[in-house]
Amino acid sequence: MKWGGTVMAETVMVVEDDEDIMEILTAYLRKHGYSVITAVNGLDALRLCEQGGMDLLLTDIVLPDMEGTKLTARIREQSDLPIIMMSCKKEAADIVGGLELGADDYITKPFEPSVVIARIKSVLRRRKRYEAPAASETLLWKDDRLEIDHAACQVRVNGQAIHLFAKELQLLLLFASHPEQVFHVDQLYEQVWGWDKHSDIRTVMVHIRNLRKKIEENPAAPRYIETVRGFGYKFKAR
């Protein structure tokens, strides 16, 4: 973020009602050059989100007044603000549920603060990459059903604009930029989320499933994003 030629610190809002965790996260974020906004409940977080001025939301799932999942869903109704969930819930169903609501990443507790910083950097770095397309990449794909406009960050199905969450859009842009290229799940995670030893490839599969629901006429028999069994996924160019 720039203002008057000066590089401004990126702003992270932390939503956490545990004072000790909040203190640790705030200290680490500031140490790594981030500005920090804090909230101890979902309603305060929503009010602050309406005011704008933040680059990423880091929220616990268990909050005093509402679940972090509900907070994420409310924000997703209005914004593509990057969201990372934190939770002691480690079951696959909990992780998948959070990602399906539109979270960009999910961190299980207990965690090392350095891991949180790495995840934040990864999400923000990839968001910037996909927000600045080259002029030659403006219209990545157009056929009788699907149109992908990179410059406008817009996707149309049968002429109607559809809403994609940030990571869904980034996946689709990556696929459409490399038609017929097979991507292993690990490659997709590295390109869109940023690879690290704490990664969970289920994140990729959940987002692809949701993306298919939005762009495919029949998600069970996809026309665009094909599963290449034993290898990964590819975007079909025909």
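Are Glu 16 and Lys 109 buried or exposed? Both Glu 16 and Lys 109 are buried, where buried stands for under 20% relative accessible area, exposed for over 50% and partly exposed for what lies in between, with a 1.4 Å probe and protein chains only.

1. Basis of the model. This is a predicted model, in which local features need pLDDT of at least 70 and side-chain atom pairs count only at pLDDT 80 or more, while totals for chains, interfaces and linings use all residues. Residues are numbered from 1 along each chain as its sequence is written, and side-chain values use heavy atoms, with hydrogens and water left out.

2. Confidence. The pLDDT, the predictor's confidence in each residue on a scale from 0 to 100, averages 86 over the chain, and 90% of the residues score at least 70. Over residues 1–7 the pLDDT is below 50, and this stretch has 7 contacts in the model beyond near neighbours in sequence, a contact being heavy atoms within 4.5 Å.

3. The annotated aspartate. UniProt, in an unreviewed entry, lists Asp 60 for "modified residue: 4-aspartylphosphate"; such positions are given in the numbering used here, feature names are shortened, and annotations may be inferred rather than shown by experiment. Asp 60 is placed in strand β5, residues 56–60, where helices (H or I, at least four residues) and strands (E, at least two) are DSSP runs numbered from the N terminus. Asp 60 counts as buried because its relative accessibility is 7%. Apart from neighbours within four places in sequence, Asp 60 is in contact with Val 15, Glu 16, Asp 17, Gly 68, Met 86, Ser 87 and Lys 109.

4. Salt bridges around Glu 16 and Lys 109. The whole structure holds 15 salt bridges, each defined as a side-chain nitrogen of Lys or Arg within 4 Å of a carboxyl oxygen of Asp or Glu. In one of them the side chains of Glu 16 and Lys 109 meet at 3.0 Å, N to O. Glu 16 lies in the loop between β3 (11–15) and α1 (19–31) and Lys 109 in the loop between β7 (105–108) and α5 (113–131), so this pair ties together parts that are 93 residues apart in sequence.

5. Two further salt bridges. The side chains of Glu 100 and Arg 209 meet at 2.6 Å, N to O, and this pair links helix α4 (residues 92–100), which holds Glu 100, with helix α8 (residues 202–215), which holds Arg 209, 109 residues apart. Glu 100 counts as partly exposed at 33% relative accessibility, and Arg 209 counts as partly exposed at 36%. Lys 167 forms a salt bridge with Asp 104, the closest N and O atoms being 3.6 Å apart, and both Lys 167 and Asp 104 are buried. Salt bridges that share partners also join Glu 16, Asp 60 and Lys 109 into one network.

6. Strand pairing. An open sheet of 4 strands has the order β8-β9-β10-β11 with antiparallel pairing, two strands being paired if DSSP finds at least two bridges between them. Its edge strands are β8 (139–142) and β11 (160–162), each of which pairs on one side only. Between β8 and strand β9 (residues 146–149), which run antiparallel, there are 3 bridges, and Trp 141 stands opposite Ile 148 in β9.

7. A hairpin. Strands β12 (residues 225–228) and β13 (residues 232–235) run antiparallel and are joined by 4 bridges, with Tyr 233 in β13 as the bridge partner of Thr 227. This hairpin has 3 residues between the strands, and Gly 230 takes a positive phi near 85° there.
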